[in-house]
Amino acid sequence: MPIHRFVVRFTAPDPRSAGFLSDAHALGFVGLKSITCQDLYFIEGQLSAQESQRLALELLSDPVTQEVENSILDIRESNARLSNAEVSIIEVALRPGVTDPVAEQIVRAAHELGFDGVQRAATGLRFKVEGLSAAQVEKLAKQLLANNVIQHWTIGEIAPSFPEETQSSGEVEILPILELSNNELLDLSKDRRAALDLAEMQAIQAYYRRIDRDPTDVEFETIAQTWSEHCVHKTFKALVAVAERQLTEDGQTVHRPPSTVNSLIKTYLKAATDKIAAPWVISAFVDNAGIIDFDDEFEISFKAETHNHPSAIEPFGGANTGVGGVIRDVLGVSAKPIAATDVLCFGPQDMNPDDLPEGVLHPRRIQSGVVAGVQDYGNKIGIPTVNGAILYDEGYTANPLVFCGCVGIAPKGKHHKNPQPGDRVIVLGGRTGRDGLRGATFSSMTMDAQTGEVSGASVQIGDPITEKGLIDVITRARDLGLYTDITDCGAGGLSSAAGEMASVIGADIELQDVRLKYPGLAPWEIWLSEAQERMVLAVAPGKLPALQELCDTFDTELTDIGVFTGDGKLVVRYGGKTVLELENEFLHEGIPQRQLSAVISNPLPVSNNQRPAVSGLDTEHWSLLPFKDKLLALLSHPNIASKAATIRIYDHEVQGGTVVKPLTGVEADAPSDAAVLKPIGTRGTKGIVLSNGINPEYGKRDAYKMALAVIDEAIRNAVAVGADPERIAILDNFCWGDPKRPETMGSLLEACRGCHDGALLFGTPFISGKDSLNNEYLGADGLRHAIPPTLLISAIGIIDDVSKAVTMDLKSPGNILYLVGQTVDGGQWTVDGQRSTVPDVPATAPAAYRALHQAIQQGLVRSCHDLSEGGLSVAAAEMCIGGRLGLELLGTLQAEACFAETNGCLLAEIAPAAESDFRALFADLPLMKIGAVIADPVLKIAGEEIPVADLVKAFTGQN
Amino acid sequence: MNPTVLILQAHGTNRDLDVAEALTLAGAAPVFAPLNDLRAGKKHFSDYQMLILPGGFSYADALGAGKLLALDLNSYFNEEIATFVAAGKPVIGICNGFQALVKSGILPGGNWGVVNGNLSTTLTFNQQGHFECRWVNLQPISQKCIWTQGLDEIITCPVSHGEGNFQTNHQLLITNLVSSDQIALTYTHPDGSPANGDYPANPNGSLLDIAGICNPAGNVLGLMPHPENHIHPWQHPRHTRGESGQSGLVLFENGVKYAARL
């Protein structure tokens, strides 16, 4: 069958090629003169010359801006022609099995146009590169143009890869385990990349000795997945022996935790939620997402996930499927997704490529891929991305962090998790392929230089439009009461989803009924595949026709793969033959509790990880700089500077509910503290507030205080825009190193203790959480590269009236600026990191926030902004940028105090007429009048006068 | 009776609820019609007084934004839509809907829309090279277009697209669009002066700052920006500064009023 090859090129210079050129220059390919990127399409089938011409013009190109060259693929001949060319040609195509939605659309659309001879299609990219040596061209291909994990590339013309057609495979392997020695057990775990330790392997062996047979590969893989850190959170449930206690600098005894802690989740996180017992929490920790009350009609759900390991090796696909995954978590509680959040941590963007550990992608490439992945999924599925953060630290070079959050809304009382015997096991959505195998166990391992190659199959590319179909079907099916249980297919695939739903009632499943992308999958691969965009539902047989009709309307596939039995056993078959038969009790309760030790040292030893140097300035000479230079350097510091370039490529307006947008102010270029949403279709004036708190710099020093500080930050941000402090719930996301090291476990334990104390201090319950451990990279140099201990707190709050929301931009000259809370001069964290005492959260903070909230409710506050990195000076500067107005601050404010990072502080702009009412609300709480808004666009601070135009330029990089 | 509006839901449409809200506020009765229901004959274009193609990412923008939806329109609904348009009923395509109207040849229509069998206009990749979400200012121009007739105040609303750059390979087409009053909306600076191609006032590099065009008869409007996302006071990006206006609503009110008179 001939393969038709189409090369589509722009007739004028195009932005995509320009983007590649600038990326290549940034990576150090200075000799590169030009680079042109073209699209490649391969179509296999019988087509006449006229037909292929029509396909080229009507389907594959835009005749106004592009031209097409088509030919029959003949690689040898064309590459012989190319060998003497002056420009180098690099062609890139997807590896077999990698999702290629465009190729699928080409086949479908060609048939719609009447070209029935078209059989298969594939896509690729072609680059014409000028000005590089052969060796450099190869380096460019590896570093920028192709990612080995999902693509292959050649110099010259490439052969496309169509999904491999192999023999259908019903092969089931028996893994002899009964007689294995301890070492052999560990080898088996390693060979199958199961990430199980000896105690766990021994438990499996004991189970099979008891039932006197060996496991099938399907069973072993199922156990490995069910018992993976990702799925069962064994570190957070471990029995922790706290081995050491220490004294603080001034000789005081540190708060002593008990000598053993039985489960971090129970002891600290759930315990806090239970003690707070907020009546508006509908579901915490038990379901796919946490759920709280919204109004009489609706409940809202919130979940944040990490997708770190996949994003490290394939940034676009990793982030893409991270977003897709957390959206399914929200769908899994029968809610309609209405907002996305993302917090991203990367290595320094200006890192010298030669300093990268082997096998690690450049942080710049990771960032552009991750951001593009978030953009692609969120925008296409139509969910506004409204809140987030981007942080840089050398510690994230090999282990970027990608936190994806999603908020959902659902009518009350419509979400059920109660499958009945006789209900069918229904898979909705995408087909199953070999993609994402062992993702659950992969994410639980330390990566090494080979991880990218070995775990290529763990990464998938998302298909947001298929998931949009799932939203359309499931929200309607929910309203019609068509299902009795629902869960998403995430890590562990059907094994995890169906296994979890059947964990009480039992199920009998036929794997041959699962629809595949291509044949050739072994039964364990079908069962464990993490192919995206799938949900599993329990549906009574009588409701199936109605569900099928919905699926037909919204182009969503429905597959019946078995039945919930009621006998409590999980049975999986392939072609009728049993390939898995496990007792639920063993599968779900049989994992031995992990025993870990923790060493707590306070403060933590300061690691070598520093902030990226303040924009070209030497932190050693920081103290000698004039105030103005310090402030401008801070505003242009990557961690503080405007993130507009990223924010604007996310759609933050779709669904029409974004009341406080991520960028705000006169020119919409100042950073909002939090997002406010008024969900479409809700009555009344209520809205949702979303914010976050994160500070790895504190994490390096003192995990306990860091946890308190970031809880405070998340709440402070939410309160600043108008959230009711009594109606905020939070999520925890822990990203840590290897918990088997006692110091790492010690800091994790301290962070959990901080979470507990912080939640109780503010009366703010946790409703869900997630951990991503083993964020370490074993370099080819033999050294471990670990991330800073990183805790993300995501907050969701309620604002009673969205029209009372407050933004951070200064509003009117003559208004008075107040400092809520107290900055502490000296001894606190400062930007050069020289004095590294992590600030405490003042005991007055909760009362101060309540007072501020009352003031906002009464309409007394014209603008409000929280103090975070860079302290008062940066907060004041950002408010000036927002309003394009000046501020005159008290001359008595010490320069040092202006940079101090303290918790519990906000700036509030109050009209003179409202001052006395405002002050009355604060009574004895710390409150200080610190200045006034002036029409002259100048920030007068610490004896200096800094034009707002200079602040804007430093913050945005633009005039 | 409120005019009935058919809201076309393609595979990947995502601003369908947004436009439904706008149309309801403007006094219409919206009805959602998944493309498959129309194909299956469960719903018919002719039963409705208005047609709206909302924004989104039909078919994930594969092979160019709006292209595959345009193919569907031509393959399955060619005659029905032609009849609907010829009857003078109001049609509006927003963002992805606009892209589909252009790539199916329904817009700009007239003499120079198709030359030698090939489309002569397109909405191609933004000049900045990426998707962009930001608020823009629009000047209503066409007095022929039933959606913009009688409007002269600036409309403020967001754009949210990666392929909104209006281009043609035929100079005569542009002359023709101007002379036949088919340029419905253009991008301006906040003070109402023409953007003259300045980024970000003109967010995508469109020729003549074109944000929206209509067909020669004036009943079919296509535009890239999202007036449906500025129908409530609190949607305005500076509502905390006392600015608002719900200025996106007037377009829908115009369309609905026109449909009610038909």
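Helices (H or I, at least four residues) and strands (E, at least two) are DSSP runs, numbered from the N terminus. Helix H1 of chain A covers residues 15-26, 12 residues in total. From its first C-alpha to its last, helix H1 of chain A reaches 16 Å, close to the 16 Å expected at 1.5 Å a residue; the expected span is 1.5 Å times one less than the number of residues.

The model is predicted: local features need pLDDT of at least 70, side-chain atom pairs count only at pLDDT 80 or more, and totals for chains, interfaces and linings use all residues. Residues are numbered from 1 along each chain as its sequence is written, while chains are lettered from A and ligands numbered from 1 in the order in which they are written.

In chain A, 6 strands form an open sheet of mixed pairing, in the order E9-E10-E11-E14-E12-E13. Two strands pair if DSSP finds at least two bridges between them. Strand E9 (281-283) and strand E13 (385-392) of chain A are the edges, each pairing on one side only. Within chain A, strands E11 (residues 298-306) and E14 (residues 401-411) run antiparallel and are joined by 9 bridges. Phe302(A) stands opposite Val407(A) in E14(A).

Chain B contributes 49 residues to the contact and chain A 50. Residues are in contact if their C-beta atoms, placed from the backbone, lie within 7 Å. On the side of chain B that touches chain A, several elements supply at least two residues each, including helix H1 (16-25) and strand E9 (155-161) of chain B. E8(B) gives the most to this side, with 4 residues.

Methods: Two residues are in contact if their C-beta atoms, placed from the backbone, lie within 7 Å.
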